[in-house]
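Please look through the structure shown here, and then read the report that goes with it.

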Amino acid sequence: MPPLAPVTLAALAVAALVLLLAWLAVRERRRRRGAERVAAEIGRRLRAISGRMRESVVAYDLQNRVLFVNPAFETLTGFTPAELHAGHFIDYVHPDDRTAVLAEWESVKSGNSMLGQEYRIVTRDGRIRWVSGSWEPLRDEVGRQMGVLGAELDITERRRGEEELRREAELIEQLAMVQRTAAAAALDPDAVLRVVSEQARALTGATGVTLELRSGDTLVPRVQLGARAPRVDPRQSLAWLATRTAMVQRLDDANLSAADRQAWAAAGARSMIALPVTGGDAVGPVGALVAVSSEPDAFGDRERRVLDVLGGMIGVALSLAGAVGARQVRLEERTRALQESEARFKQLVDAAQEGIWVLDDRGVTTYVNSRLATMLGFEGGEMLGRALGDFADSGTRPEIQRRVGRDSGPRATNGDVRLRRKDGAELWAIMATSPIIGRDGTWVGTVGMLTDITERKRAEEGLRHSAERQRVLHEIDQAVLAARTLGEVGRVALSRLRRLVPCYRCSALLFDFERGEAHLFAGFVGSDALTAAPIPLSDLSPPETLRLGTVRYVADLAAAASRAPYLDQLVADGIRSVLTVPLLVDGDVVGELNLAATTPDAFGPEHRDMAQELAVPLAIAAQQARLRGELRQQTAELERRLAERTAELRGATGELDTLAYAIAHELRAPLRQVSGFAQILLDEHAAALGCDAAHYAERIRDGAAALGELLHGLAQLARIGRQDLLRRPTALGPLVEEIGRELEPDAGARDFRWQVGELPVVIADPALLRVAITELMRNAVKFTATREHAVARIFCVREEEQIGLAIADNGVGFDPAQAERLFQPFQRLHRADEFTGLGLGLALADRVARRHGGEVRAEAEPGGGATFVFTVAAAGR
């Protein structure tokens, strides 16, 4: 076959290309018809699904052409599908939201999702609606994105509700702020009324606000802000109508007559509202709050609520004003008193000298007042940022840091601290600290108040030193009293003095000017005691100088121009300064006290004072030593004389007792004869005797009997003084009972009772006890003879080292001023014709008690009975 020509080949190629294009066109038409069928099917399905949906549904292809809208979308936007196909999807989005929506739209076209984006759309009739749009990629059966499917939910009403809630919340917050502002000015009612009126104008948008209050039959403006209400008769104003009816009144110029509308226009008012105000002590409204606006129908329910709340605040302010007015007089009086108190308090505060220190929780300074800075010698700024311990003395720094450090926690403290001034000087202060608590209740720091007590501390130190001096001097005084010898007193005194005065050598000397000697009775060199030895007075100083009794002080012995021999010896021993203090008694020099130190000028005025104070008790001790010596001599002489006189007295007393006993014994026989013969005459010769002779014989017999009793008593007194005591345990109870039975005849037939308590056992001579107690009990029987019912109580008596009994009767008693006479022989306080006796019974009892180491005493009152106490030494002392 012959080869094809080039023209033929080209024709074949063109034919093939045409066939290919035709085939591709057919294929494309088939694909499009398939896509259209798919799109139609999708549209059918979407319409079937979305036809009943509340949400608006719309689908776009990737070229932003509308593929589908449901009826809800048409209803929402007002656009028909044809109108939507003619435009861009973004055309119905609000211009202010298009940028944000387009950004999200591009993201969705890239295969992402957009959920719940809120934006505004503009409807066909120009209304604005809020929607919440959610967009998803629209894909074919193989997953390729072919467009965008979106659903838009109308949220206009929700957004309006949210906006309304927001506005209400803002309003509530504004009203709360007004209330807080009013509360802050609660004590100034006028300020509250102005604040509330200003806020009423701001919150309602009014051009003017007037608060009118009732005064009699009219209303008077109390607060006027901005535009005024149109001028009308007060009795016909809107404010008066609201006050009279107690109801809110609103009015717009559309409701006015032409004349009134012209008056309103002149005042720039188009609408007005008046709210009745209640408060104070009045019943019903006391005025009205009036708001004026240049806009018609400016006051709705919201403005009414605002004015209602603010009107309540005005009522509270008026009530407060009424209460304030009622208390004004009392407040003025209290104010004057407070002003006076304030003035006094201000004076006190102005005079306060405390420093204030504020620290954070780390103990770092954040504030100091000028007083504290002055106290420490710093400028205020120099102390900021530094720890409290930086200003503390090293000895007290740990304690101060512990008080204000983090570990101490929030607690109050109070105590003395020692600080250091900028110049290094010591400063003592009382530091009271309190925790600073933050709003959340945590500890954030410490505030301290410091009072400078440096002078007080110095005074206390001086007092302590003085107290130590006084204590030492007291010890010296006690030692002076307790010491037996002058040397012992000197050693004790000097050892105490060395604790107060820095001396290496000290000595105490006594002068004997007649012999020209000084006797060292105490002294120390270092810790060694000096040996007592005489020293020539001339070695110390000339006698005429010593007699002057002046204090002598040599600050530096080495520099002295001339020295006494004694001082030369001290220089040789290394002494450099000497203080000499005289010992004076009644102005006379009796010795001296020498203090020496190894350093020049070692003794100051305080040391001199202490040495002089010590010299006084030393001089007294020296005087006492001399007086004790004289006293010992005189005492010895007196004791010798007393012993001689006592021996003589004992001899004389013994002779008297012997004589009394002998007389009593020797006279008994003649006395018995006289009495016997007188009785014989009366018994056997009474008939031969005349009346006078018989009377004389009776008197002889009675006198002899009385004399016999007297002699018996004298014999008993003498025997008690001479008789040896036979001490033994003696029970007083049985003894008293026995004596009571023996004395029953003396009581006779009258009513007499003994009341005997529990009595002790004593160590005494039983015979002498019987004599003494018998006499005391016989006295009770005798001196109750005039009583119809007589009682005598006997009870135990214990007194320190004595024991015994007491006898108390209800007899005639006696004058207590005469009590001492009772115990003297032959002393009687009653006449013989009243009560018999010789006056020896109580003298016998007294002598028995004294021989047993006890006593007898009496207590009584005339007609009130008597009590006699009889005691002996306890345990036989």
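## The chain as a whole

The model described here is predicted, and its protein has 24 helices and 29 strands. Of the 877 residues of the protein, 37% count as buried. The protein exposes about 49800 Å², and 54% of that area is supplied by carbon and sulfur atoms.

Contacts can also be sorted by how far apart their partners lie in the sequence. When contacts between residues at least 6 apart in sequence are considered, 58% of them join residues at least 24 apart.

Helix 15 covers residues 486-497, which makes twelve residues, and from its first C-alpha to its last it reaches 16 Å, close to the 16 Å expected at 1.5 Å a residue. Several of its residues are buried, namely L486, G487, V489, G490, V492, A493, L494 and L497. As a general point for reading such a list, an α-helix has 3.6 residues a turn, so residues three or four places apart point the same way.

T123 lies in the loop between strand 3 (114-122) and strand 4 (128-139). Is T123 buried or exposed? T123 counts as buried because its relative accessibility is 4%, and the cut-off for buried is under 20%. Apart from its neighbours within four places in sequence, T123 is in contact with L76, T77, F79 and R129.

## Charged side chains that pair

Side chains of opposite charge can pair when their charged atoms come close. In this model the count comes to 29 salt bridges. One of them joins R362 and D360, whose closest N and O atoms are 2.9 Å apart. The two partners can be described by their accessibility: R362 is exposed, with a relative accessible area of 58%, whereas D360 counts as buried at 14% relative accessibility.

Another salt bridge is formed by the side chains of D393 and R418, with 2.8 Å from N to O. This pair links distant parts of the chain, since D393 is in the loop between helix 12 (380-383) and helix 13 (397-404), while R418 is in strand 13 (residues 413-420), 25 residues apart. D393 counts as buried at 7% relative accessibility, and R418 counts as partly exposed at 21%. Both residues also belong to a network of salt bridges that links D393, R418, R420 and E426.

In a further salt bridge, the closest N and O atoms of R552 and E592 are 3.1 Å apart. Here too the pair links distant parts of the chain, with R552 in strand 20 (residues 552-554) and E592 in strand 22 (residues 588-597), 40 residues apart. R552 counts as partly exposed at 22% relative accessibility, whereas E592 is buried, with a relative accessible area of 3%.

## Aromatic rings

A pair of aromatic rings is described by the distance of the centres and the angle of the planes. The structure holds six aromatic pairs. Among them is the pair of F378 and F391, which is edge-to-face, with 5.3 Å centre to centre and 90° between the planes. The pair links distant parts of the chain: F378 is in the loop between helix 11 (370-376) and helix 12, and F391 is in the loop between helix 12 and helix 13, 13 residues apart. Both F378 and F391 are buried, and ring pairs join W357, F378 and F391 into a cluster.

Why does the pair of Y553 and F603 count as edge-to-face? The ring centres of Y553 and F603 are 6.3 Å apart and their planes are at 70°, and the pair is edge-to-face because planes over 60 degrees apart count as such. This pair also links distant parts of the chain, with Y553 in strand 20 and F603 in the loop between strand 22 and helix 19 (605-684), 50 residues apart. Y553 counts as partly exposed at 24% relative accessibility, while F603 counts as buried at 5%.

## Charges over rings

Aromatic rings can also be viewed together with charged side chains. The charged end of K457 sits over the ring of W428, 4.5 Å from its centre, and the charged end of R547 sits over the ring of F513, 3.9 Å from its centre.

Note on methods. Residues are numbered from 1 along each chain as its sequence is written. This is a predicted model: local features need pLDDT of at least 70, side-chain atom pairs count only at pLDDT 80 or more; totals for chains, interfaces and linings use all residues. Side-chain values use heavy atoms; hydrogens and water are left out. A salt bridge is a side-chain nitrogen of Lys or Arg within 4 Å of a carboxyl oxygen of Asp or Glu. Buried means under 20% relative accessible area, exposed over 50%, partly exposed in between (1.4 Å probe, protein chains only). Helices (H or I, at least four residues) and strands (E, at least two) are DSSP runs, numbered from the N terminus. Contact means heavy atoms within 4.5 Å. The expected span of a helix is 1.5 Å times one less than its number of residues. Accessible areas come from the Shrake-Rupley method with a 1.4 Å probe; for residues, only the protein chains shown count as cover. Rings of Phe, Tyr and Trp (its six-membered ring) pair if their centres lie within 6.5 Å; planes under 30 degrees apart count as stacked, over 60 as edge-to-face and the rest as tilted. A charge sits over a ring if NZ of Lys or CZ of Arg is within 6 Å of the ring centre and within 35 degrees of the ring normal.
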